[in-house]
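Subject: Structure handover

Hello,

Here is the structure I said I would pass on. My notes on what was found in it follow below.

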Amino acid sequence: EAAYGQEMNIQFSDVSCNSVAQKIYVELNNTVPCVRLLNATHQIGCQSSISGDTGVIHVLESEADLEWPLSKGPNPPYMVLLESSLFTKSIMMKMKNASSRVAGVVVVQKTSPPEFSPHTTCPNENTGVYTETYDHNLAHCNTTVWNPRGNGLSYEEFDSPVFSLKEDNETEVIKQCYFDHNRVVNGSGLQYPLCAMQLFSHMHAVTDTATCMRRSSMDFSTSPVMVCDPLGGYNVCAFIRPYNSTAFGHKENESVVIAAARLDSRAFFLEDSTGAEGSVSGFVTLLAAAQALREATQEAPPTRNILFAFFHGEVFDYIGSSRMVYDMKNNMFVIDLDNVHSILEIGQVAVRSGTNLFLHSDPVSRRNNTVHDEVGVKCFYLWHASLTDFSQPLPPSSFQRLLRARAIPGIVLADHQTDINNRYYESFYDNAAHLNLTYPSNLSPEEQLEFVTDTAKSLTEVATAVARALFKQAGGNNSQVNKINADPKTVTQMLYGFLVRSNNSWFQAVMAPELKDILQPNPPQYYVGVAKSSHQANALTYLVQYLLANLTGTATNLTQSQCKKPDELPNESTYLYSYLWVQGVVPPNSTQRESFCVRTAVRLVKAVSPAFDLGDYISKEYSTWTKSQWKFIKARIFLVASRDLEMLTLGVGVAVLFTSLLVTYFVRTKADVLFSSVREPNNAAY
Amino acid sequence: MNLERLPNEEKLTLCRKYYFGGFAFLPFLWLVNVVWFFKEAFVEPTYTEQLQIKTYVKRSGLGFLLWVAVLTTWITIFQHFRAEWGEVGDYLSFTIPLGIP
């Protein structure tokens with residue numbers, strides 16, 4: 001994406017060059033900026049000017065205190081520092097309208113407010129199935145508003161930079177600087193020099209996706225500047241009975257039940273996306289269900305195949321699922337839409353009131369009797385969940401994209417009956433604390449990994465129900481059903497790894513050696529990111545891929561070199577399976593890991609919106625989201641002098657210049673008087 | 001080059017060369033013509049070739065002013081409307097500014 005400018009502390013002779021800058025500026029390193037995203041019609045996000053935006057720091061204490069930067073303060077422009085509880089739509093909109101006096105906003109993350117959702121009230125309303133033509137009454141969330149707390153802040157456009165800081169040493173430095181220099185004393189005016197902050201987040205792209213893609217491709221200069229990149233990633237797919245991965249199109253006599261979940265999330269500050277209830281609850285449940293089904297499907301394979309599909313990019317107008325449907329329609333996927341029997345999608349399932357689970361279905365497709373009966377059958381398998389109102393539409397889910405193509409029977413499983421239970425939908429407060437993921441305080445990280453929390457137990461129940469329903473839906477033998485149980489230990493380990501700390505012993509054991517650097521001491525990033533041209537996915541995709549491989553695949557005896565080229569062996573086939581070399585556990589009495597080769601049906605399928613393949617950047621059908629590029633993003637604080645002092649310095653300098661010119665002129669004209677000399681050659685020089 | 005040292009015929013040839021050269025879409029040649037030969041054409045005492053030099057200088061001056069008018073009008077229009085012209089504006093540009101429409 002962009003290169004970060006970093007200051008190198010060279011030890012030797014250059015110290016004298018750098019130290020002046022270091023004495024003036026304090027660089028802030030752990031910042032998360034708000035960046036610009038574009039789609040077919042709009043640009044959203046934030047933009048700074050190309051040489052950064054500077055403002056005098058003002059720490060906002062309450063909403064009433066906004067008067068100071070907006071009207072009363074004598075030293076505009078101001079850089080407003082907010083705590084997260086004051087990061088509300090009304091305050092942000094007031095500052096947006098006064099952009100001449102507010103140079104930028106910095107949000108310091110502290111306590112979470114009781115509810116906050118910067119997403120829209122009707123997520124993905126234009127790319128779901130409920131359009132005006134499908135059903136006029138259900139379009140645009142006319143019947144049910146799914147995210148009533150949504151204030152749409154993530155989809156607003158700001159023309160000043162907005163950054164986010166965590167509460168740490170750097171924030172202390174800023175607060176100290178503010179208290180030393182910027183505090184108002186007894187209502188009297190502030191004394192210069194004042195503490196100021198400068199934010200650089202100049203975005204290259206502007207207007208909309210069509211403009212920025214056109215400008216990216218047409219630059220005539222010698223070093224073309226890329227202006228924006230399409231969003232996208234990889235979907236993770238696994239069949240329980242894999243097909244030949246090179247044979248695309250319809251498969252005769254094959255009927256597939258799709259089990260789907262969403263991988264990604266977003267927040268106002270994209271790099272800070274957590275998505276605990278929004279996406280983690282769903283895909284962890286599906287991973288646990290996949291593990292629960294492994295033995296039963298191997299002993300007594302059901303008549304229909306099951307596809308576990310983890311879609312990426314769903315927040316941004318269903319990138320992953322629209323891509324899969326497009327591939328299926330154009331014979332670029334191993335099955336096509338005729339092979340799809342039904343779909344069970346797992347939505348947000350972690351914030352349950354009691355033991356309630358609800359099944360959402362689409363009323364329009366159920367007007368067809370076959371679809372209605374099939375949905376009824378599915379509901380029967382998930383017998384301890386309740387059906388929602390017949391006339392209520394589906395919540396935002398990947399199933400809607402499949403319905404747009406074909407009336408397939410399907411159910412979305414969720415913990416909410418009408419609007420969602422998630423108070424922090426698509427915000428950076430949707431984290432482990434929101435799910436009440438608490439561990440006793442005296443446990444070490446490894447002990448926390450093994451501790452089974454209540455959230456994990458609750459999700460295990462859901463996973464067991466899902467696995468049994470899938471088994472029966474796929475025509476499995478009824479006598480085997482009660483042996484299918486999800487493992488609470490797996491669920492709690494996954495919740496720990498995805499919401500608290502991804503660098504733990506279990507995740508290390510299932511990852512490949514070359515990918516172990518993606519494991520960090522904090523949770524992974526849930527934002528989908530830009531589609532990279534190389535075959536590289538982001539950390540979340542790899543984690544889900546390797547976990548699914550571990551939970552549904554089989555360990556083999558192959559050596560590392562055999563694992564790279566398994567086709568040479570008689571019983572292995574890279575058409576059907578993929579072979580992954582994983583690190584394995586460290587046995588108690590040694591330091592070497594017992595690595596091994598996993599044979600798995602898990603594949604990564606490219607998930608980039610079809611609009612970019614088709615070149616249709618104004619598409620209303622597919623997602624057109626792109627992210628702007630930038631050169632560098634940084635923030636720094638320094639002391640700033642008053643305007644008057646600056647003008648005075650400039651004036652004095654100009655005066656000295658003119659005086660010196662005058663003096664030189666006079667000296668030159670009166671040179672013969674001033675430098676009277678007997679010698680001729682001096683005068684002859686003229 | 002110091003014009004005082006040239007004979008008058010050569011001054012005329014030089015002025016004529018610059019005058020005709022300016023027709024090849026080179027208005028700065030006309031500007032040079034005007035600035036350089038201004039003293040020769042209007043200040044110096046009369047000599048035979050001065051009349052022709054005078055006409056060349058006058059015409060060069062007119063041509064230059066015409067170029068200035070045309071270019072100023074086009075540049076003002078382009079700078080003002082480039083953003084609104086969208087695709088056409090981008091195709092007409094050599095370097096497109098980043099981050100502004």
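**The contact between the chains**

B:D90 and A:R214 are joined through their side chains by a salt bridge, with 2.5 Å from N to O; the term stands for a side-chain nitrogen of Lys or Arg within 4 Å of a carboxyl oxygen of Asp or Glu. Helices here are DSSP runs of H or I with at least four residues, strands are runs of E with at least two, and both are numbered from the N terminus.

Before the rest, some conventions. The model is predicted, so local features need pLDDT of at least 70 and side-chain atom pairs count only at pLDDT 80 or more, while totals for chains, interfaces and linings use all residues. Residues are numbered from 1 along each chain as its sequence is written, chains are lettered from A and ligands numbered from 1 in the order in which they are written, and side-chain values use heavy atoms, with hydrogens and water left out.

Helix α4 (residues 87-92) of chain B gives the largest share of the side of chain B that touches chain A, three residues. That side divides into seven nonpolar, three polar and three charged residues. Nonpolar covers Ala, Val, Leu, Ile, Met, Phe, Trp, Tyr, Cys and Pro, charged covers Asp, Glu, Lys and Arg, and the others, Gly among them, are polar.

In the contact (heavy atoms within 4.5 Å) are 13 residues from chain B and 16 residues from chain A. The two chains bury about 1,100 Å² between them, 61% of it on carbon and sulfur atoms. B:D90, B:L98 and B:G99 supply 47% of the area that chain B buries against chain A, more than any other three residues. Buried area is the accessible area (1.4 Å probe) that two parts lose on being put together, summed over both.

**Transmembrane regions**

UniProt, in an unreviewed entry, places a "transmembrane region" at residues 647-667 of chain A. In the model this span is 100% helix and 0% strand, with its end C-alpha atoms 30 Å apart. For chain B, an unreviewed UniProt entry gives the feature at residues 20-39 and 60-81. Residues 20-39 of chain B are 75% helix and 0% strand, and their end C-alpha atoms lie 20 Å apart. Residues 60-81 of chain B are 100% helix and 0% strand, with 32 Å between the end C-alpha atoms. UniProt positions are in the numbering used here, feature names are shortened, and annotations may be inferred rather than shown by experiment.

**Local features of chain A**

Five disulfides (cysteine sulfur atoms within 2.5 Å) are counted over all chains. One of them joins A:C122 and A:C141, with sulfur atoms 1.9 Å apart. The link is right-handed, with 80 degrees about the S-S bond. Both A:C122 and A:C141 sit in the loop between β7 (102-109) and β8 (157-158) of chain A, 19 residues apart.

A:H140 is also in the loop between β7 and β8 of chain A. A:H140 is not a glycine, yet has a positive phi of about 55 degrees.

A:P76 and A:P77 are joined by a cis peptide bond, with omega about -10 degrees.

Regards
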